[in-house]
Amino acid sequence: MLYLVTHYWIWLAAAFVVGAVTPLFAEKFGWAADLENYWVSRVGVVLAVAMVLVAAQLASGKAELLLEAGIGLVIAYVVGGLAGGIAHGLLPVRFEGWWVGLFATGLILAVFGITTLPKLEPDLRERVAEVVKDAGADPLNFDVAGRDVLLPADVGSDKLRAALSEQIAKVPGVRRVADVDELSGTALAAKTVAKLQADAEARAKAEAEAAAKAAAAKEAEVKALAAMDAAQRRAAKAKADAEAKEAVAKAAAEAAAKEAAAKEALAKEAEAKEAAAKQQAAAEEAAKKAAADEAAKQAAAKPAAAPTVGIKTASATGELPVITAQDCQGRVSSLVAAEKINFERRSAVIDKASQPLLDKLAAAIKQCPAVTIEVAGYTDGAGKKSANLALSKRRAEAVVASLTKAGIGSVKLVAEGYGSAKPIAANATAEGRAQNRRIEFVVK
């Protein structure tokens, strides 16, 4: 309220004066209404317009400074009309001329919108930027919509966001602080330009310092050579050549060491992958052996039963062989472990590069018996828990839709979203977060 009075007071005073003098002109020029209940319809229209404006304000979900100023001017005009009408016993509801004063109030609002309104948001933005800067955050990483301040998701930790929201809310003129996923429009452009400028300035400064050092070294070398005689110059040149060769040899040795380390890392990674593959194959073999042993036990327990006929390869009609549920789980898990289903950033749209993997999964699932397969979606720990839960559910549904389109019966597939629950790696690193964003298949 104090912000409205301090920024709009001259316009509110103008509307008040217009409201106060309107009854005087109404009495002088005979603007009194002579029809019964004439004022009821006029006031009803004004109130209806005010209600529409208030409803529009609530529906928009953000501050509209011009609407806010307009409502304030109308209130100031009505108060002025009451004050001016009391002296003459002629209140605004008793004369027709109050429409003239309301028109004048509209002109005041138009002048306000042209002269003062464009300055309010920049003024509020500067004062909020000072608070954000003092809190140790990026002074460009926010936006202002009317008198609302928008904080993006990358502003910092939850603790910093809470403290920053509390400090911004105390800035005079701020109506509320809202959270958004990311900035857009001019705010995003300003943030990007500032970052590019900072990077360019840092590079220019580094290049200038390097050039200054090189110039100083060259000047020192020239002065040193000028003070030497021919023999000293030859000795210095020989020493410099030796040092240069030594530096080249050292650089070559370092490069060779780095290359060897890189090769060793690649070899270790290949060994780890091979070990994982062997472990997976051993697990599958053990599962198959356990299933075979169980089948043998069941066959021994029922000697009179007719022998079962093993399922062969594709029939003459082209039908695929049917595998056990356990083998189905192993094949699907192997495919997902070898490759990953990727999505567009913060979206449930599957990356086109993942289509070959989906085709392989569809081919493997077609050989499964009549089982239910749960397609489980997971996200990393960044962002809000509710948003992550919804995103993981949509991604799982997108995979189900893609497999269904490939010929998998929708009755077999059930999409579930678990959000950031059950992480398989730490969310503190980018690599860990990438591992947590995944799709898993559970054969039931």
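R346 counts as partly exposed because its relative accessibility is 45%, where buried means under 20% relative accessible area, exposed over 50% and partly exposed in between, computed with a 1.4 Å probe on protein chains only. R346 is found in the loop between α9 and α10, and its phi is near 55 degrees, a positive value in a residue other than glycine. Helices (H or I, at least four residues) and strands (E, at least two) are DSSP runs numbered from the N terminus. The model is predicted, so that local features need pLDDT of at least 70 and side-chain atom pairs count only at pLDDT 80 or more, while totals for chains, interfaces and linings use all residues. Residues are numbered from 1 along each chain as its sequence is written, and side-chain values use heavy atoms, with hydrogens and water left out.

K422 likewise has a positive phi of about 55 degrees although it is not a glycine; it is placed in the loop between β5 and α12.

| Residue | Relative accessible area | Class |
|---|---|---|
| R346 | 45% | partly exposed |
| K422 | 51% | exposed |
| R433 | 26% | partly exposed |
| A83 | 40% | partly exposed |

R433 lies in helix α12. Leaving aside its neighbours within four places in sequence, R433 is in contact, meaning heavy atoms within 4.5 Å, with D380, A426, N427 and A428. R433 and P423 are 10 residues apart in sequence, and their C-alpha atoms are 8.7 Å apart in space.

Of the contacts with a separation of 6 or more, 73% are between residues 24 or more positions apart.

Two strands pair if DSSP finds at least two bridges between them. Strand β1 (residues 143–145) pairs with β2 in the antiparallel sense over three bridges, with D148 in β2 as the bridge partner of A145. The hairpin of β1 and β2 has two residues between the strands, and in it G146 takes a positive phi near 70 degrees. Strand β2 (residues 148–151) is also joined by four bridges to β3 (residues 176–179), the two running parallel, and V149 has V177 as its bridge partner in β3. Along β2, D148 and L150 point one way and V149 and L151 the other, and all are buried. Together with helix α6 (residues 158–169), β2 and β3 make a right-handed β-α-β unit; right-handed here means that, with the strands pointing away from the viewer, the path from the first strand over the helix to the second runs clockwise.

Elsewhere, five bridges join β4 to β5, which run parallel, and E374 has V414 as its bridge partner in β5.

A nonpolar core is a set of buried Ala, Val, Leu, Ile, Met, Phe, Trp, Tyr and Cys residues joined through side-chain atoms within 4.5 Å. The largest such core has 26 residues, and those with the most contacts inside it are I341, L361, I373, V399, L403 and F441. At least two residues of this core are supplied by each of α9 (325–338), α10 (355–366), β4 (373–378), α11 (385–405), β5 (413–417) and β6 (438–443). Apart from neighbours within four places in sequence, L403 is in contact with L358, L361, A362, I365, I408, L413 and F441. A second, separate core of 15 residues includes F142, L151, V155 and I168.

The largest pocket has a volume of about 1300 Å³. A pocket is an open set of points on a 1 Å grid over the protein atoms alone, where a 1.4 Å probe fits, with protein on both sides within 12 Å along at least five of seven lines, and lining residues have an atom within 4 Å of a point. This pocket is lined by 41 residues, of which A153, R345, R346, A382 and G383 lie nearest its centre. Two or more lining residues come from each of α6, α7 (185–227), α11, α12 (430–436) and β6, and α11 gives the largest share, five residues.

Methods
Grid points are joined across faces, edges and corners, and a volume is the space filled by probe spheres set on the points.
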